[in-house]
Amino acid sequence: MYDLSVIIPTFNEEENILNIIEEVDAVLKKSNLNGEILVVDDNSQDRTITLVREMHSKKENVNIIVRLADHGLSQSVAEGFTHASSQIFIVIDADLSHPPALIPKMYEEIRAGNDLVIGSRYMEGGGIRQWPLKRRLISIGATFLGRLLFPDITDPVSGFFAVKKEVVVNAPLRPKGYKILLEVLGKGTWENDREIPFEFVDREIGSSKLKFRTITEYARQVVDITFYSFFHHQSAAWREWKKVFKFGIVGLSGIIVNLGLLQLLLMAGISGYISLFFAIAIAILNNFIWNDLWTFRSSSQRRTTSIWQRLWLFYTVSAGGAIINYGIAMGLTNLVGMNLLVSDTLGILVGFIWNFLINRRFTWGRR
Ligand code: GDD
Ligand code: MN
């Protein structure tokens, strides 16, 4: 039985395939890992298949699946998952963009209890070499969208990751396009994850197969995962929705505190503006306490930052939210003559989204 399976999707990689297999194999040997190398090929028209078959006759841990239908990178990786014969899968590109040297570390992190280990280009220590501006912009956009669903993950569309078999074995992966990791995050069953930085080095040989269609497929995938999460409450995206929901309830409680306190202070004869100031300040404090103890109780920030840091951040973000709310309401009413109640409703909504996203990311996000 193998310790792990290294899955390499390929399409016309005759110049790279032997190098990547040799490198992966050397890394495995050096770390005393008994690993299977599984190439999943989409019926390449060059010598990729022949070369791997030749390799197979020398190294029995090297295998290839040749697919004849449903061409695609993500589909190939998903098929690799169903054929791999170990409990830990690592996915890596054939074009040497991902460093095989990190494989043992990823393996160890899985053994240490993580369900998912992601090679990240966007965390400290990671990076991208030799990418044209267009590629960078597309990637940043894709990452941003992905982070809406998985805010703690810096690189949700990385092509380099390790995953436990049980995370994906029952997942209805229906991937199209390039973003198999996003599909695993969205539909797999997982709790603990870890990211490891790496520097992505663009291929020296051959060209990327990324096309415009990839972008539209990606947008559809994000929508699909969002819907999926509504009906599958063990999914990670649903955990995120629960936080949004709780954050909303806490916000409502803040309105009650705000209005109630204002009423009390006014009745006590305190002047209007001073009463209002305290009503707002205490309402924000109320929201902070409930969000810290309830909405984000499992946030790792609660162990790594002091409560005063989080409180200060929360007040700052809330002030930003109030300015946004005010600006939108005033702007829409003054500029396009919108009814103030309608424009304020929009302002509240945008302010809420701002408050949630920024606090989620900074006040209670992962460091
Ligand atoms: N089986 C199969 N079928 N393999 C494919 C296909 C396909 O249709 N298209 C590409 N591959 C293989 C390539 O042979 C290579 O090993 C790997 O998948 C990545 O393909 P590239 O074309 O080099 O992708 P990229 O460098 O543009 O994109 C990489 O980075 C992205 C993040 O920016 C990949 O790792 C993506 O998965 C990743 O999202
Ligand atoms: Mn590449």
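A salt bridge, in this talk, is a side-chain nitrogen of Lys or Arg within 4 Å of a carboxyl oxygen of Asp or Glu. Before I use it: this is a predicted model, where local features need pLDDT of at least 70 and side-chain atom pairs count only at pLDDT 80 or more, while totals for chains, interfaces and linings use all residues. Residues are numbered from 1 along each chain as its sequence is written, chains are lettered from A and ligands numbered from 1 in the order in which they are written, and side-chain values use heavy atoms, with hydrogens and water left out.

Now the domains. The protein chain is assigned domain 1 (4-232) and domain 2 (238-363), with bounds that come from an automatic or database domain assignment. Their C-alpha centres lie 40 Å apart. Counting contact as heavy atoms within 4.5 Å, 11 residues of domain 1 touch seven residues of domain 2.

The area buried between the two domains is about 810 Å², and carbon and sulfur atoms give 52% of that. Buried area here is the accessible area (1.4 Å probe) that two parts lose on being put together, summed over both. P151, S229 and F230 supply 45% of what domain 1 buries against domain 2, more than any other three residues.

How many salt bridges are there between domain 1 and domain 2? The count is one. D152 and R360 form a salt bridge, with their closest N and O atoms 3.1 Å apart.

Over the whole structure, the search finds 18 salt bridges. One of them joins K59 to D25, at 3.0 Å between the closest N and O atoms. K59 is in the loop between α2 (48-58) and β3 (62-66) and D25 is in helix α1 (residues 17-30), so the pair ties together parts 34 residues apart in sequence. Helices (H or I, at least four residues) and strands (E, at least two) are DSSP runs, numbered from the N terminus.

Is D25 buried or exposed? With a relative accessible area of 4%, D25 is buried; the cut-offs are under 20% for buried, over 50% for exposed and partly exposed in between (1.4 Å probe, protein chains only).

D155 and R121 also meet in a salt bridge, at 2.7 Å from N to O. D155 sits in the loop between α5 (133-149) and β7 (161-164), and R121 in the loop between β5 (116-120) and β6 (127-129), 34 residues apart. Both ends are buried, D155 at 0% and R121 at 7%. The charged end of R121 also sits over the ring of F200, 5.8 Å from its centre. The rule there is NZ of Lys or CZ of Arg within 6 Å of the ring centre and within 35 degrees of the ring normal.

That leaves the rings. Rings of Phe, Tyr and Trp (its six-membered ring) pair if their centres lie within 6.5 Å; planes under 30 degrees apart are stacked, over 60 edge-to-face, and the rest tilted. By this rule there are 14 aromatic pairs. The ring centres of F227 and F230 are 5.8 Å apart with planes at 85°, so that pair is edge-to-face. Both residues lie in helix α8 (residues 212-231), three residues apart, about one turn of the helix. F230, at 33% relative accessibility, counts as partly exposed.

Finally, F247, F288, F296, F314, F352, F356 and W364 form one aromatic cluster.
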